[in-house]
Amino acid sequence: MEAGTTAGAWVLVLSLWGTVVGGQNLTAQIGKPLVLNCKGAPRKPPQQLEWKLNTGRTEAWKVLSPQGDPWDSVARVLPNGSLLLPAIGIQDEGTFRCRARSRKGKEIKSNYQVRVYQIPGKPEIVDPASELKAGVPNKVVEARGNDGSLFPQVGTCVSEGGYPAGTLSWHLDGKPLIPDGKGVSVKEETRRHPETGLFTLQSELMVTPAREGAPHPTFSCSFIPGLPRRRALHRALHTAPIRLSVRGEHRGPDPVPLEEIQLVVEPEGAAVAPGGTVTLTCKASTQPPPQIHWIKDGTPLPLPPSPVLLLPEVGPQDQGTYSCVATHPSHGPQESRAVSISIIETGEEGPTAGSVGGPGLGTLALALGILGGLGAAALLIGVIVWQRWRRQGKERKAPENREEEEDERAELNQSEEPEAAQSSAGGP
């Protein structure tokens with residue numbers, strides 16, 4: 001296979017996260033190919049250009065040119081003057097410079113600062129405690145705070161295989177948990193693999209619950225990548241939450257649990273067209289009102305407590321299973337039933353069958369059809385009644401007309417009889 005065809009098969013995976021004077025800052029995923037363009041270089045030989053590399057693999061500047069040999073399997077210059085790194089690694093982080101001369105003799109320089117990253121697997125909480133004792137240190141695993149107090153261990157959050165290292169953070173009932181050295185303590189450890197260079201993070205959480213605190217707190221842990229704040233690369237990874245019981249020497253019986261939490265979704269059925277709006281409302285019948293936190297696909301959402309979750313302009317990223325957790329000072333947290341949000345695709349001529357708009361339009365058409373049919377039936381009945389009434393009216397008028405004609409004939413006969421008598425009297 002020719003070099004030009006090979007170069008065209010490579011997939012360019014670049015993520016621009018900033019700009020420096022005279023060049024660009026690039027970040028690429030470990031193990032993926034990376035192509036750096038040499039600005040101003042002629043696309044076809046002959047070419048006057050050279051690449052200079054200063055990375056973790058080099059003690060000084062490494063020079064590559066189209067006429068030279070490839071640098072093992074690390075990098076080589078393509079026929080169009082670009083530099084190809086077939087599988088970039090941690091040792092390839094550094095500076096890449098290209099100096100080229102165009103056909104017209106103009107010299108153009110390109111400068112790149114390259115960083116690499118690797119997203120680790122989903123973090124986990126290992127060795128979680130079965131229960132905590134309010135105001136009493138754990139007798140098995142414990143740590144000492146700044147004031148000499150002891151803390152029972154909640155569990156250890158572990159994240160493996162990431163680069164750069166990143167950070168771990170804890171949450172209690174959906175809220176960030178900040179170590180204070182008194183009631184909350186965190187012990188962190190970072191290790192680096194000697195061969196791959198990837199990081200393993202550990203965060204051990206110790207908490208002494210207050211006697212008047214919630215009897216069933218929920219803990220979770222999140223991994224934050226150590227990358228520039230780009231949405232695609234800086235997305236946090238969350239553990240599955242763990243729910244512990246808190247026991248105390250002077251605690252009374254556990255309080256009566258909350259009534260069933262109701263989760264109401266609009267539109268009904270939780271199916272919406274792209275760009276629509278979904279409203280989730282969590283209802284809990286207790287006073288004072290509990291704090292409501294939201295969970296998506298088993299992961300707590302980093303949102304302030306609210307009984308209403310609004311999803312405007314819904315897109316594919318909003319699909320999933322949602323539930324809410326109600327937490328009351330005198331009750332343990334209680335989770336609602338889960339609701340699945342789905343996106344209904346629409347065609348060019350409007351919503352397809354099953355979309356939010358389809359059933360509404362079908363119901364309207366059915367109602368209009370029924371009303372139209374009732375109106376036509378009422379009109380037909382009215383016409384029949386009117387015709388029957390008209391026919392009966394004519395039948396009633398016919399006898400009356402005959403009586404009037406007989407009366408008129410009688411009057412005429414009476415008037416003719418005197419005239420006849422007078423004629424007889426005056427005759428010869």
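Reader: How many cavities of 30 Å³ or more does a search of the whole structure find?

Author: The model is predicted, and the search covers the whole structure. The number of cavities of 30 Å³ or more that the search finds is two.

Reader: Which strand gives the most to the lining of the largest cavity?

Author: The lining of this cavity consists of His 171, Gly 174, Ser 220, Cys 221, Ser 222, His 238, Pro 300, Leu 301 and Pro 302. By class these residues are four nonpolar and five polar, with no charged residue. Three of the lining residues come from residues 218–224, and the strand that gives the most is therefore strand 18.

Reader: With which side chain does the side chain of His 238 make a polar contact?

Author: His 238 is one of the residues lining the largest cavity, and its place is in strand 19 (residues 237–238). Leaving aside residues up to four places away in sequence, His 238 touches Lys 122, Pro 123, Cys 221, Ser 222, Thr 299 and Pro 300. The polar contact from the side chain of His 238, at 2.7 Å, is with the side chain of Ser 222.

Reader: How do the residues of the lining of the second largest cavity divide by class?

Author: This lining is made up of Gln 118, Ile 119, Pro 120, Tyr 163, Pro 164, Phe 223, Pro 225, Gly 226 and Leu 227. Gly counts as polar and Tyr as nonpolar in this division. The residues accordingly divide into seven nonpolar, two polar and no charged.

Reader: Which residues lie nearest the centre of the largest pocket?

Author: The largest pocket has a volume of about 660 Å³. Strand 19 and strand 26 (299–300) each supply at least two residues of its lining, and by class the lining has eight nonpolar, three polar and six charged residues. Of the 17 residues that line this pocket, those nearest its centre are Arg 235, Lys 296, Leu 301, Pro 302 and Gln 317.

Reader: Which elements give two or more residues to the lining of the second largest pocket?

Author: The second largest pocket has a volume of about 410 Å³. Its lining counts 21 residues, and Leu 172, Asp 173, Gly 213, Ala 214 and Pro 217 are the closest to its centre. The elements that give two or more residues to this lining are strand 15 (175–177) and strand 25 (291–296).

Reader: What is the class division of the lining of the second largest pocket?

Author: In this division Asp, Glu, Lys and Arg count as charged. Asp 173, among the residues closest to the centre of the second largest pocket, belongs to that class. The lining divides into twelve nonpolar, seven polar and two charged residues.

Reader: How many residues apart in sequence are the parts that Cys 38 and Cys 98 tie together?

Author: Cys 38 and Cys 98 form a disulfide with their sulfur atoms 1.8 Å apart. The link is left-handed, with -70° about the S-S bond. Cys 38 lies in the loop between strand 3 (34–36) and strand 4 (48–55), whereas Cys 98 lies in strand 8 (residues 94–101), so the parts tied together are apart in sequence by 60 residues.

Reader: Is the disulfide of Cys 282 and Cys 324 left-handed or right-handed?

Author: A disulfide joins Cys 282 to Cys 324, with an S to S distance of 2.0 Å. Cys 282 lies in strand 24 (residues 278–283) and Cys 324 in strand 28 (residues 320–327), so the pair ties together parts 42 residues apart in sequence. Both cysteines, Cys 282 and Cys 324, are buried. The torsion about their S-S bond is about 65°, so the disulfide is right-handed.

Reader: What pattern do the disulfides of the chain follow?

Author: A search of the whole structure finds three disulfides. With bonded cysteines counted along the chain, the pattern is 1-2, 3-4, 5-6.

Definitions and conventions:
Residues numbered from 1 in each chain as written. Predicted model: local features only at pLDDT ≥ 70, side-chain atom pairs only at ≥ 80, totals over all residues. Heavy atoms only, no water. 1 Å grid on protein atoms, 1.4 Å probe; cavity = no way out; pocket = protein on both sides within 12 Å on 5 of 7 lines; lining within 4 Å. Points joined across faces, edges and corners; volume = space filled by probe spheres on them. Helix = DSSP H or I, 4+ residues; strand = E, 2+ residues; numbered from the N terminus. Polar contact = N/O pair within 3.5 Å; in protein donor to acceptor, adjacent residues only side chain to side chain. Contact = heavy atoms within 4.5 Å. Disulfide = S-S within 2.5 Å. Buried < 20%, exposed > 50% of the residue type's maximum accessible area, 1.4 Å probe, protein only.
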